[in-house]
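Work through the exercises below with the sequence and the model open. Each task is followed by a solution in steps.

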Amino acid sequence: MPLTPYTRPADGQVRLLTKVARMYHERGVRQADIAAALNISQAKVSRLLKRAESVGIVRTIVTVAPGVYAELEEQLEEKYGLAEAVIVDVDPEADEGELLASLGAGAAAYLEATLSGADRIGVSSWSQTILAMVDRMRPFTVRGATEVVQLLGGVGAPEAQSHSNRLLGELARTLGAEPVYVQAPGVVGDPAIRDSLLQDPSMQEVARHWNELTMAIMGIGSIEPSDALAASGNAFAAEERQALLDQGAVGDICHRIFRADGSLVRGALDDRIIAITVENLRRIPRRVGIAGGERKLEAIHGALAGDWVTTLVTDLRSAEALADR
């Protein structure tokens, strides 16, 4: 703001304020050294710097770095009640593989900057996006979490089993955390099999870990399965997917299916899933959803509408489309 007659210091003080401000802000001189050079106390230097700000000699300007979309992130946070939105800069011409790589890199950077070391993390078992994130994380020099737990049955077809094992094992190793595997498929043939498996002592122990999670890292799936999920044998059959679409389904998180408004699609399929319950999932304080691309847009919007996630990591074009809804 301009210096008015009511805020303008005397000329001699203007000179001193300017000199102190330039030494501190432009030349990087420490306050103690400024005090010694000018023969004043360090406390006075601190007061002069505050005064320089109040009269407009020093003005703070935040310069947004290229590839950072702070204003759009804030718009998404306000519109959808998110704790945090993280927007990743992705080439508009990027193919599916490049999109996954960019989202994975953005999610990895977000986690590296925010993990406390005390988190107990649940993670999707078959997400290609989460695996892309894990592949781009650097090993933590100090423990990043205490344990990493599968949220959905991680047993699948032998040719695809390495995806689930690698995702959890590598993430646990990178964070210095203990891995907890779900030794069961994500989808079984009927509810009786599901109920029997859930009574097994090993699954009872997994359920105990599910109750104690402080964070979840999850892919947001469309009704059409990813290549990894389809190959695992844990995807719903084509006729089952059509039935879900007929009920208005647009996406899923850990095989819990939801509509465009975020409401849960319950039914026979839901009774065949071995995964964290919806109630336990929603109790997790920090729920990070990672997804992007036009194919996932309806699913992402449904997840936001239904408060399935508290943090969203997505690409710029998806973020713009979500903000315009």
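The exercises treat a predicted model and cover a sheet, a cavity, a pocket and one arginine.

**Exercise 1. The sheet**

Task: State the strand order of the open sheet and the sense of its pairing, then identify the strands at the edges.

Solution:
- Step 1. The sheet is open and consists of 3 strands, ordered β6-β7-β8, with antiparallel pairing.
- Step 2. β6 and β8 (256–259) each have a single partner strand, so they stand at the edges, and one side of each has no neighbour in the sheet.
- Step 3. Between β7 and β8 the antiparallel pairing runs over 4 bridges.
- Step 4. To find this pairing in the model, look at I253, which stands opposite R256 in β8.

**Exercise 2. The cavity**

Task: Find how many cavities of 30 Å³ or more the structure holds, and describe the lining of the largest cavity.

Solution:
- Step 1. There is 1 cavity of 30 Å³ or more.
- Step 2. The volume of the largest cavity is about 430 Å³.
- Step 3. Its lining comprises 33 residues; those nearest the centre are I220, G221, S226, L229 and D252.
- Step 4. Two or more lining residues come from each of α5, α6 (128–135), β6 (221–222) and β7 (249–253). α5 gives the most, with 4 residues.
- Step 5. Sorted by class, the lining of the largest cavity has 16 nonpolar, 11 polar and 6 charged residues.

**Exercise 3. The pocket**

Task: Give the volume of the largest pocket and work out which element gives the most to its lining.

Solution:
- Step 1. The largest pocket holds about 300 Å³ of space.
- Step 2. It is lined by 17 residues, and L99, G293, E294, D315 and R317 are the closest to its centre.
- Step 3. At least two lining residues are supplied by each of α5 (96–114) and α14 (316–323). The most come from α14, with 4 residues.
- Step 4. The lining of the largest pocket divides into 7 nonpolar, 3 polar and 7 charged residues.

**Exercise 4. One arginine**

Task: Locate R194, decide whether R194 is buried or exposed, and list the residues that R194 touches beyond four places away in sequence.

Solution:
- Step 1. R194 sits in helix α8, which spans residues 191–198.
- Step 2. The relative accessible area of R194 is 14%. Buried means under 20%, so R194 is buried.
- Step 3. Leaving out residues up to four places away in sequence, R194 touches V188, D270, D271, R272, I273 and I274.

Terms used: Residues are numbered from 1 along each chain as its sequence is written. This is a predicted model: local features need pLDDT of at least 70, side-chain atom pairs count only at pLDDT 80 or more; totals for chains, interfaces and linings use all residues. Side-chain values use heavy atoms; hydrogens and water are left out. Buried means under 20% relative accessible area, exposed over 50%, partly exposed in between (1.4 Å probe, protein chains only). Contact means heavy atoms within 4.5 Å. On a 1 Å grid over the protein atoms alone, a cavity is a set of points where a 1.4 Å probe fits but cannot get out, and a pocket is an open set with protein on both sides within 12 Å along at least five of seven lines; lining residues have an atom within 4 Å of a point. Grid points are joined across faces, edges and corners, and a volume is the space filled by probe spheres set on the points. Ala, Val, Leu, Ile, Met, Phe, Trp, Tyr, Cys and Pro count as nonpolar, Asp, Glu, Lys and Arg as charged, and the others, Gly among them, as polar. Two strands pair if DSSP finds at least two bridges between them.
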